[in-house]
Amino acid sequence: TVSLAAVNTLPVVTDTTPTTAWTEASGTGANTPVVVDSGVTVTDADNTTLASATVSITGGLQPAEDVLAFTSNSSTMGNIAGSYNSTTGVLTLTSSGATATLAQWQAALRSVTYNDTSHNPNTASRTISFVANDGTLSSVASTKTVSITAVDTLPTMTDTGSTTSWT
């Protein structure tokens with residue numbers, strides 16, 4: 001008698017080119033988030049759905065500055081929801097009932113953005129790691145580097161608008 005046991009294989013997350021550039025806004029306006037990796041792919045040889053994923057700042061985290069964000073779009077991402085922990089730098093994405101498809105997970109991971117809220121940012125690069133979970137096994141982390149460019153903001157001086165007399 002030969003018995004066969006099903007083997008669960010790891011999901012696979014694959015990033016594209018290694019570096020994404022983020023540049024501070026000039027002046028005192030709000031900094032603009034950048035998509036971390038618009039070409040990231042997600043596969044799993046034996047599952048058509050996944051349960052969860054994390055996107056983490058695993059290198060260079062500046063908790064007071066760094067933000068990973070995700071805006072769910074139910075038409076392309078199903079029921080995937082997310083929450084960000086600024087202390088740990090971890091964006092956790094989950095699918096209720098583990099029903100989101102691989103294509104929906106791929107769309108969700110492709111929409112993750114990085115932003116630095118400081119107007120004096122730490123310019124060390126950030127390492128961003130993507131990990132997907134099929135409900136049992138987690139993928140090996142796929143990493144992407146975000147390079148940080150600070151922009152020197154000109155000082156401003158404002159007068160009172162009134163006249164000063166001198167005698």
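Student: Which residue in β9 does Ser-52 stand opposite?

Tutor: Ser-52 stands opposite Thr-94 in β9; please keep in mind that this is a predicted model.

Student: How many bridges join those two strands, β6 and β9?

Tutor: Strand β6, covering residues 52-59, is joined to strand β9, covering residues 90-95, by five bridges, and the two run antiparallel.

Student: And how many bridges join β6 to β12?

Tutor: There are seven bridges between β6 and β12, the latter spanning residues 126-133, and these strands run antiparallel. Within that pairing, Gly-59 stands opposite Thr-127 in β12.

Student: Changing topic, where is Ser-142?

Tutor: Ser-142 belongs to strand β13, which takes in residues 142-149.

Student: Is Ser-142 buried or exposed, and why?

Tutor: Ser-142 counts as buried because its relative accessibility is 4%, and the cut-off for buried is under 20%.

Student: What does the Ser-142 side chain make a polar contact with?

Tutor: The side chain of Ser-142 is joined to the side chain of Asp-15 by a polar contact of 2.4 Å, and a polar atom of the Ser-142 side chain also lies 3.4 Å from the backbone oxygen of Val-13.

Student: Which residues does Ser-142 touch, leaving out those up to four places away in sequence?

Tutor: On that basis, Ser-142 touches Val-13, Thr-14 and Asp-15, together with Ile-128, Ser-129 and Phe-130.

Student: What separates Ser-142 from Glu-24?

Tutor: Their C-alpha atoms are separated by 26 Å, and the two residues are 118 residues apart along the chain.

Terms used. Residues are numbered from 1 along each chain as its sequence is written. This is a predicted model: local features need pLDDT of at least 70, side-chain atom pairs count only at pLDDT 80 or more; totals for chains, interfaces and linings use all residues. Side-chain values use heavy atoms; hydrogens and water are left out. Two strands pair if DSSP finds at least two bridges between them. Helices (H or I, at least four residues) and strands (E, at least two) are DSSP runs, numbered from the N terminus. Buried means under 20% relative accessible area, exposed over 50%, partly exposed in between (1.4 Å probe, protein chains only). A polar contact is a pair of N or O atoms within 3.5 Å; within protein, one must be able to donate a hydrogen and the other to accept it, and residues adjacent in sequence count only if both atoms are side-chain atoms. Contact means heavy atoms within 4.5 Å.
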